[in-house]
Structure formats: C-alpha cells, structure tokens
Amino acid sequence: MRFIGVDLAWSEENPSGVAVINSQGVVRKASASLRTNDEICQFAGLGASEEAVITIDAPLIVRNSTGSRPVEQQLTQTFWPYDAAPYPANLSKSAFRENGRIQRLVRDLKEHGFINRPTIPKQQEQQSFLEVFPSPAQVVLFPAGNRLGHLHGRALRYKHKRGREWLEVHSEWEIYRARLRSLGSRESALTFSTEVAKQIGIDITEYEGTRYKHFDDLLDGIFCAYLAYYFWHQGEDACWVIGDESVGCVTLPRCPLGNCPFAEQDKVPCALLTGR
C-alpha cells in the first residue's frame with residue numbers, strides 16, 4: 001500500500017504539493033513543483049498496479065452553480081471560530097467544471113481503478129481517493145490538553161495573506177513542521193526519508209513570496225498524505241465525514257480524546273448537516 005497526499009492547485013499554471021508515504025509510514029518523497037495532472041500521476045506512480053489511498057485537498061464534487069457547497073457551509077459554521085473555514089466552490093469557477101483540471105484528475109483516477117470513498121476500510125488493500133481539508137483536520141488532530149479535558153486551538157496562520165507579517169507566517173510554518181515531526185510518536189507513526197527530512201529541514205526565514213509558497217505547499221502535501229495513512233491505519237471509525245456524497249463531502253479525522261466539543265456534531269447524519 002501507498003498513501004498519497006495532493007495539495008491540488010485549482011489551475012495547472014500553479015504548482016501542487018504531493019507526497020508519498022509507504023506502508024511503513026515513511027514519507028518517501030515529496031514535491032511542490034508539479035503542475036500538470038500527468039506530472040502528479042507520474043510522481044505518485046498512479047499508473048502502477050499497487051494499491052493506494054489518495055487524499056486530495058480540492059473540491060472533488062461540485063454541483064452548485066453559485067455560492068458555496070453545503071459542505072462548505074457546515075465547515076464554516078463549525079470551524080469559523082477556529083479560523084479554519086473554506087473558500088466557496090461553485091461552477092462559476094472553471095476549475096470545478098466538467099473540463100476543469102480537478103474533474104480531469106478525478107476521471108484519470110477512476111480510469112486507473114480508484115474509487116471515490118468518504119471513509120476508508122481499515123488496513124485493507126484498496127484503490128481509494130477522497131477529499132480532505134488540512135486546516136480543520138489540524139484543528140481536530142492536534143488538541144491541547146488541560147486539567148479539565150482538552151481544548152481545540154485556531155488553525156495555523158502559515159499562509160501568507162494581507163495583514164500577516166512574514167515573521168508570523170514563518171513562525172507558524174515552523175509550528176506546522178514541528179507538528180508533522182511530532183506524528184512520529186502517534187500510534188499511526190510518521191517518519192521521514194533522508195531526502196524529505198532535508199527538504200523540510202531548511203531555515204524558512206530566508207524565503208518569501210513564491211519561494212515561500214513552495215514550502216507552504218510541501219507541508220500541505222505531506223499532511224494530506226498523512227491523513228491518507230491515518231484513515232487507513234485507524235479505519236472508518238476515525239473518519240468524520242461532513243457533507244453528502246451527492247453534492248460534495250469532506251473527510252476529517254475524529255478527535256482522539258474524550259469529551260470533545262466536536263463529538264455531538266460528529267454524530268449528526270450527513271443529510272442533516274447539509275440540510276438535505
């Protein structure tokens with residue numbers, strides 16, 4: 001089995017972050033310089049017969065002509081207080097139309113035998129792909145414990161946006177890297193090949209603009225790949241599906257701790273979450 005994460009740019013003019021984890025939980029390789037769907041498939045070895053789980057940070061199912069998908073509305077309702085709300089996806093944007101790069105990648109995966117599944121059967125050979133969203137996934141997966149139980153903090157501010165100083169962005173990126181490294185102590189442990197450890201072991205303060213964006217995408221690709229490995233290692237019980245398969249859904253990890261504020265929402269059927 002392989003576990004592939006894709007931080008997919010909405011246009012092939014922009015690079016995507018991609019990482020590959022092997023069955024031992026080692027990030028074998030990662031790149032944030034892949035632009036076309038063909039380059040992504042070739043780097044990830046998707047033409048091979050080996051089974052894999054692929055997690056993609058991009059809207060894979062978009063039916064609405066305008067506005068946002070029901071899943072994005074629910075994600076905003078739940079994670080806006082944590083600074084982890086998504087951008088809206090609709091068919092007014094060319095990326096989500098039938099001939100857009102995202103749907104072309106979906107068709108390529110299906111032609112290779114992959115099935116779009118919202119949950120992953122535990123430790124079974126399979127060819128599956130699913131939509132994920134790193135920001136709320138991190139909010140859920142990295143709670144802060146205290147004497148009364150635990151809390152969930154805001155999403156990391158490692159994306160450079162207007163009003164954010166580079167000092168803050170660089171510091172948040174370093175926290176992101178530290179979180180990835182800390183996954184080596186989890187039950188579904190993550191380690192890095194020598195090559196990948198060198199790629200992310202840089203002094204990030206030297207980079208701004210498009211040079212920094214490369215390392216932003218690199219960590220997102222690695223984290224997406226970890227989610228694929230985590231869902232496979234932990235099974236369907238670890239998958240929190242928000243949304244509906246017919247109009248779009250996002251799979252997040254369930255919080256590993258008890259007394260979680262997300263627990264009650266986790267139990268609500270998808271149809272109720274989307275208003276269907």
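Which residues does Glu 72 touch, not counting residues up to four places away in sequence? Keep that in mind as you start. The model on your screen is predicted.

**Stop one: Glu 72**

Select helix H2, residues 70-79. Glu 72 is found in this helix. Now show what surrounds Glu 72. Leaving aside residues up to four places away in sequence, Glu 72 touches Pro 59, Pro 86, Tyr 87, Pro 88 and Ala 89. Is Glu 72 buried or exposed? Its relative accessibility is 3%, so Glu 72 counts as buried, the cut-off being under 20%.

**Stop two: H1 and H3**

Next, select helix H1 (residues 37-44) and helix H3 (residues 101-111). Their axes come within 10 Å and cross at roughly 40°. The two helices are therefore oblique to each other. The crossing of H1 past H3 is right-handed. Show side chains here. From H1, the contact uses Asn 37, Ile 40 and Cys 41. From H3 come Arg 101, Arg 104, Leu 105 and Asp 108. Sorted by class, this contact has 3 nonpolar, 1 polar and 3 charged residues.

**Stop three: H5**

Move on to helix H5, residues 166-182. How far apart are its end C-alpha atoms? They are 24 Å apart. That agrees with the span of 24 Å that 17 residues should have at 1.5 Å a residue.

Now pick out the buried residues of H5: Trp 166, Val 169, His 170, Glu 172, Trp 173, Tyr 176, Arg 177, Arg 179 and Leu 180.

Definitions and conventions:
Residues are numbered from 1 along each chain as its sequence is written. This is a predicted model: local features need pLDDT of at least 70, side-chain atom pairs count only at pLDDT 80 or more; totals for chains, interfaces and linings use all residues. Side-chain values use heavy atoms; hydrogens and water are left out. Axes are lines fitted to C-alpha atoms, for helices over the stretch in contact, and angles run from 0 to 180 degrees between N-to-C directions. Helices (H or I, at least four residues) and strands (E, at least two) are DSSP runs, numbered from the N terminus. Angles under 35 degrees count as roughly parallel, over 145 as roughly antiparallel, 65 to 115 as roughly perpendicular and the rest as oblique. A crossing is left-handed if the near helix is turned anticlockwise from the far one by less than a right angle, and right-handed if clockwise. Contact means heavy atoms within 4.5 Å. Ala, Val, Leu, Ile, Met, Phe, Trp, Tyr, Cys and Pro count as nonpolar, Asp, Glu, Lys and Arg as charged, and the others, Gly among them, as polar. Buried means under 20% relative accessible area, exposed over 50%, partly exposed in between (1.4 Å probe, protein chains only). The expected span of a helix is 1.5 Å times one less than its number of residues.
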